[in-house]
Amino acid sequence: MLSLTVLFLAIFLVQGIQCSTDSNKPSYNYTDTGGPLEWYSMDRKNNKACSQGKIQSPINLDPDTIRTLAPGELKINISDVDIKPPKLLSSSFKFPPGKGYLTDGNSTYELRQFHFHTPSEHHIKGEYYPAEVHFVFEANKGERKGVLGVLFDLVDPESPDTDSPDTDSPFQTIFNHIKRTRYSSRSYPVSFRELGDFVRASDVMTYTGSLTTPPCTEGVQWYIPHDAILSSVGDYTLLRKLLKFNA
Ligand SMILES: [Zn+2]
């Protein structure tokens, strides 16, 4: 079983992120007077969809009824690259141009950034998960967006079927990067090879929704693997400390 883990941690400190391509510190948040119910009133001109949208994300997913792509139908190709952490790790990790692509048969998107949420924003049959990572892709010069959302669950240390999350996690190198970036702002090489293998081997749920942060733009195509990646309790705890509540 895949285990994930560590990846995140570092990545995370996200305070209000980012299902957008803007890596500047956002003016909204999740817990104070700038929470989701206030997003529209904070900017009535640009955030109209946050209040009046018809296909807003996130949603509660039902794998039995939602449109699902068979393993391999969603093509993903993300090169190993050097990644520089965002300031204060409080925003998205920008991805260099021309190094990451997603193709669903109709559209090809280019990877712009990725970021984390704790807990998960999407639910599956009413259940939420400890964390969720969003890889934000764009096509047509940003006019169209596609987001790969990967859910994280905690590994059960008692389960004999569970591999060590530190040996084969698709996010291992990302987690290691996160740990380093707690103390340094320099770039480090990060490998996405195992993440690509994980996605290509998965059934992937897809639906048309929106950005989950202001301006809550609709028309975003979401891709969410059925299975969660597993994280160790220790890695998740670090991630949670860095990110706080941001879903
Ligand atoms: Zn997001």
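1. Let's start with a hairpin. Strand E6 (residues 100-103) runs antiparallel to E7, and three bridges join the two. If you want a pair to find on screen, tyrosine 101 stands opposite glutamate 110 in E7. Four residues lie between the strands of this hairpin, and glycine 105 takes a positive phi near 105 degrees there. Please keep in mind throughout that this is a predicted model.

2. Strand E5 (residues 93-94) pairs with E7 in the antiparallel sense over two bridges, with phenylalanine 93 opposite phenylalanine 114. E7 is also joined by seven bridges to strand E10 (residues 131-139), again running antiparallel. Here histidine 115 stands opposite histidine 134.

3. As general background, nonpolar side chains tend to be buried together in soluble globular proteins.

4. Which residues is phenylalanine 137 in contact with, leaving aside its neighbours within four places in sequence? The list includes Leu102, Tyr109, Glu110, Leu111 and Arg112. Lys145, Gly146 and Val147 are among its contacts too.

5. Helix H6 (residues 233-243) has Asp235, Tyr236, Leu238, Leu239, Leu242 and Leu243 as its buried residues. They cover an arc of only 160 degrees around the axis, which means that they sit on the same side of H6. Just after H6, lysine 244 takes a positive phi of about 65 degrees.

6. Elsewhere, three strands form an open sheet with mixed pairing, in the order E1-E8-E9. Strand E1 (60-61) and strand E9 (127-128) are the edge strands, each pairing on one side only. E1 and strand E8 (residues 123-124) run parallel, joined by two bridges, and asparagine 60 has histidine 123 as its bridge partner.

7. Strand E13 (residues 204-210) has pairings to trace as well. Two bridges join E13 to strand E2 (residues 68-69), and these run antiparallel; threonine 68 partners methionine 205. E13 also pairs with strand E14 (residues 218-225) over seven bridges in the antiparallel sense, where threonine 206 and tyrosine 223 are bridge partners.

8. Finally, some backbone details to check. Most residues other than glycine have a negative phi, and most peptide bonds are trans. Against that background, the bond from threonine 118 to proline 119 is cis, with omega near -5 degrees, and proline 119 is found in the loop between E7 and E8. The bond from proline 214 to proline 215 is cis too, with omega near 10 degrees; proline 215 belongs to the loop between E13 and E14.

9. Are lysine 125 and lysine 141 buried or exposed? Lysine 125, in the loop between E8 and E9, has a positive phi of about 50 degrees. It has 9 other C-beta atoms within 10 Å and is therefore exposed, the cut-off being 12 or fewer. Lysine 141 lies in the loop between E10 and E11 and has a positive phi of about 55 degrees. With 7 C-beta neighbours inside 10 Å, lysine 141 also counts as exposed.

Notes:
Residues are numbered from 1 along each chain as its sequence is written. This is a predicted model: local features need pLDDT of at least 70, side-chain atom pairs count only at pLDDT 80 or more; totals for chains, interfaces and linings use all residues. Two strands pair if DSSP finds at least two bridges between them. A residue is buried if 20 or more other C-beta atoms lie within 10 Å of its own, exposed if 12 or fewer, and partly exposed in between; C-beta atoms are placed from the backbone. The arc is that of the directions from the helix axis to the C-beta atoms. Two residues are in contact if their C-beta atoms, placed from the backbone, lie within 7 Å.
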